[in-house]
Amino acid sequence: MFRAAAPMTRSAAQGDATPGQGVGARLLRKEDDRFLRGRGRFVGDLKLPGMREVAFARSPVAHGRILEIRIPPDLRGTVFTAKDLVGVKPIRAVSGLPGFRPSEQPALATDKVRYVGEPIAMCTGRSRAEAEDAAARIEVDFAEEPAVSDMLLGRRPDAPRLHADWPDNVYLESLVVGGESFTGLDAAVKITREFRTSRQCMSPMEGKGVLAHWDTRREQLIVETSTQMPHIIRNGFCDFLGLEQRQVRVAAPDVGGGFGHKGVLSPEELCVAWGARALGQPLRWIEDRREQLTANANCREHHYIVTAYADARGKLLALEAEASVDAGAYSAFPFTGGIEAAQIASILPGPYDFPRYRCRTWSVASNKPPILPYRGVARTGVCFAMELMLDAIAREVGREPYEIRLENLVRPEQMPFDNITNKHFDSGDYPECLRRLVAAIDIPAVRERQRLGEPDGRLIGLGLSIYNEQAAHGMSVYGAWGIPILPGYEQATARILPDGGLEIRAGIQSHGQGLETTLAQVANEILGIDPARVSVIHGDTETSPYSPGTYASRSMVMAGGAGATAGRQLVPRLATIGASLLQADPSQVRFEGGHVRSASGSVSIEAIARTWYLQPHELPADVDRGGLEVTAGYRAERDSGTFSYGAHAALVAVEPRTGEIELLRYVVVEDGGVLVNPMIVDGQIYGGVAQGIGTALYEEMRFDAAGQPLASTLADYLLPGSVEVPDVQILHMETPSPYTEFGVKGIGEGGAIGPPAAIANAVNDALRSFGVEVTSLPVTPRRVVEAIAARSSGAPQPTLSTGFERA
Amino acid sequence: MKPAAFDYVRPDRLEDAADLLAEDGVGTKIVSGAQSLGPMLNLRLVRPGRLLDVTAIPALRTVEDAGDAVVIGACITHADIEDGRVPDAWGGMLRQLASGIAYRAVRNRGTVGGSLCHADPAADWLSILTALGAEARLYSRRGRRTVALESFVLGAFETALAADEILEAVRIPKLSGRARWGYSKSCRKAGEFAHAIGVVVDDPETGRCRAVIGATETPPILVADARGLLSGDGTVQADWVLRLLGEAGMQDPFEQQIHLVALERAGAQARL
């Protein structure tokens, strides 16, 4: 049964006892009280008796064989290397996609190191400083080998080889071909561009942290770790430590942002977990900013060559592309080293409808930290490449960029739409989204301002981007990716307590999304219970049903759906007891606003709960013996994912002499389906846009030819601050998903997808009088100045080199 | 990122600090606000045997009107200047520029003396105080000496401070009411260290017109008589600037360009 696309087809049980706290309410976030008062509890706040702190001795070289590790005798028993880790298996994250080559990532380096920062020895101490003192005294001899410092070099046949048993450095090559044949293609416009996005570092306010101990009573490894997905991480601990599931509990305390960095099982977590059991000591490791930057949180590095074919009006006739992802030294668990490039091939067409497509991608191993999926995953890079192509076509055919997009966007009457790579766009009106953006930014006024010129000599530029975002996709999508994380059916437990309060237990994990509030709003929507009386218990394998966790903007859709389903299953049970208390026929009562009502009176959930728990002798004989607790499962009507979408506009001023870029205005039109809490969605968009601005203008983790990272502090790795992020104007559309509970769509990542494309297009618009385009991220002052300087140098045009005949 | 172990002393008399330096100046690192040294310690880029904390020495927190100049103690913080706890003798210049140094949290602790001794070419005070013709007053058991800032800074992160010396105070000449100044720094984000700095100070009363190009790989580049460098409308002689930058070893066209623009902007401000 698909729900009609009408807004707010709410349950009949919609509450009136607590008006305006259900789905759609701009409720203040419940969790903010503790966060804003500094009363959260993060791994850094946890302490256990006898706990020792961990620091790692890490590789100073990017690629080499380990000849000898020397540990001073006085450190024996407090410092551990690979040979101590008996029974610990290397981390393997294997994609089921054909041709994927898995890597083996040791918890501690064995015979070889493959990136600067790779852990070689785990050092423990009474304090972190003492552990670092020990780490500084570990001496390692290496036979250095040439490093693969760049993915394009790494693809060359003569490149140094990272993994000896591979024929090259490619985890996975994938090819997606869709639509009609390219044969005989005759296009008025054919343009080719080369794009690069930088390697970035996800920068949650809290780095990773893990505290592990062995509970001798339970005979259980208890790992408190800053993770987005406790159940999946437990799977990893069991696989790689050789423990049974019942022997491992993984619990996330408060987690200060994830963005994907906390969606992986890191070698450090594995070491600490091993050590806690093997040594019988609580061990804690807190990732510091240098470790986060140089060794762990790497993401996003793409390279594209794209050729677009269009008619003279800019209508796309075909697109062909090749893309590489610098996937780093190992395939990270669970998302693998192949997912990002595979995703590129399947989503590059974006929200557009055109008849011919082919794209070949490579996930390339390099002597850098493993690449991890960052908010938006491949979509940010894909949107950048595709949207810059659209602007290039617009310049070529002499039309406004938005007009070219309107020529090519999927139209609302085509919805739901199966695109050229078989993505099923569930609903929406993409052209309307763009039209609203165009109206908000007032393009004629911008063009007039450009014509008049700025008194300070700066150049004004306007850039647009539009994207869609698949979220909460399930097995039908992930099955095809073959990774060790397969979202299927999501469960949640709803438990009414003796005083009429409610617990929602869910296996997802909230690390900034406000799910303690939004899941309580869902409960309020169904049961009418005040959200203040709802506790959302999450992020702990011990206290919740299994869940793949929080990633891919899935938690509101999936845990929200499960929570609603569980709540709804409680309603007839409440009605039965309530009818009995009202001495009414169960068929003559209704549940509404937290009360069971009959023609003559009503009884509250509190009274019903009191009866169930404390006065069971007053219950009717036919009462449901399951009581006031239900675990229920959920799956969307179709699990091919919700498709939220958005359009972004950036207005910039560029100083051509220095390359300085000022963001004058930023507008977002976003359609995330029915919004459970529009204020929280706004927050998600603001945060995402800030990160997207980082991608666009600031963030760049560079490596030298020897594979040495060139930024190790936040003085070198620039993150946008509050001053760099303009006021973002957000306009909402609300097209319900036809497939999900309440019509919600995943919305967590979109803000981070659009900005690099919109901002780079704006800069290129500003620079159009020079006839140059900036095609690499971030768009730094140097890149702008050097692009202008190189305008007459006649640099060679990029060409596709892949040979699609191999298809 | 925790520092290696070190000893820590915090005398309350300048003489005692000088004794400690005389005893072991090489193994001792002076610390005041720790806004640069702190991160370097944490990253273990420096591993001094002993930290000498000079913030408890009242003599280093004094401000003295010396007629044509103001002498400020080395431990005066950026925030002291920003907030007006140091009387303004520069037409608001120092107060305004202090408010643009890094972030407020840094300004609360960071000191003028610490910034000068750290001698990071990208730091604000190095260029600003050089342009104003300030002098560093150094103290040791051997006595006091005064060094013009352009001679105090020998190179990037390198000063004329001897191992047993401590920067006691900075003597900053006052500006007249007719003085004009301009300052421009190029940062990619607010609070970041500068990639290019330009300073122009023109005081018709004293006849001094000085320009400084900062945030290079060298000490600030001083043009002690900048009257020929700057024309009436604030534009600068680009060839001259490029020659200076070339002499300082700067070859990169982008670097040259942003330094030239920084000086031009400072010049334009000074002529407004």
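In this predicted model, R360(A) and E173(A) form a salt bridge, with their closest N and O atoms 2.9 Å apart; a salt bridge is a side-chain nitrogen of Lys or Arg within 4 Å of a carboxyl oxygen of Asp or Glu. The pair links distant parts of the chain, as R360(A) is in strand β17 (residues 356-364) and E173(A) in strand β7 (residues 170-179) of chain A, 187 residues apart. Strands (E, at least two residues) and helices (H or I, at least four) are DSSP runs, numbered from the N terminus. R360(A) is buried at 4% relative accessible area, whereas E173(A) is partly exposed at 31%. Buried means under 20% relative accessible area, exposed over 50%, and partly exposed in between (1.4 Å probe, protein chains only).

A salt bridge also joins E407(A) and R313(A), with the closest N and O atoms 2.7 Å apart. E407(A) lies in helix α9 (residues 401-408) and R313(A) in the loop between β15 (302-310) and β16 (316-326) of chain A, so the pair ties together parts 94 residues apart in sequence. Over all chains, the count comes to 95 salt bridges.

The largest nonpolar core has 109 residues; such a core is a set of buried Ala, Val, Leu, Ile, Met, Phe, Trp, Tyr and Cys residues joined through side-chain atoms within 4.5 Å. Helix α8 (residues 379-397) of chain A gives the most to this core, with eleven residues.

Residues are numbered from 1 along each chain as its sequence is written, and chains are lettered from A in the order in which they are written. Local features need pLDDT of at least 70, side-chain atom pairs count only at pLDDT 80 or more, and totals for chains, interfaces and linings use all residues; side-chain values use heavy atoms, with hydrogens and water left out.
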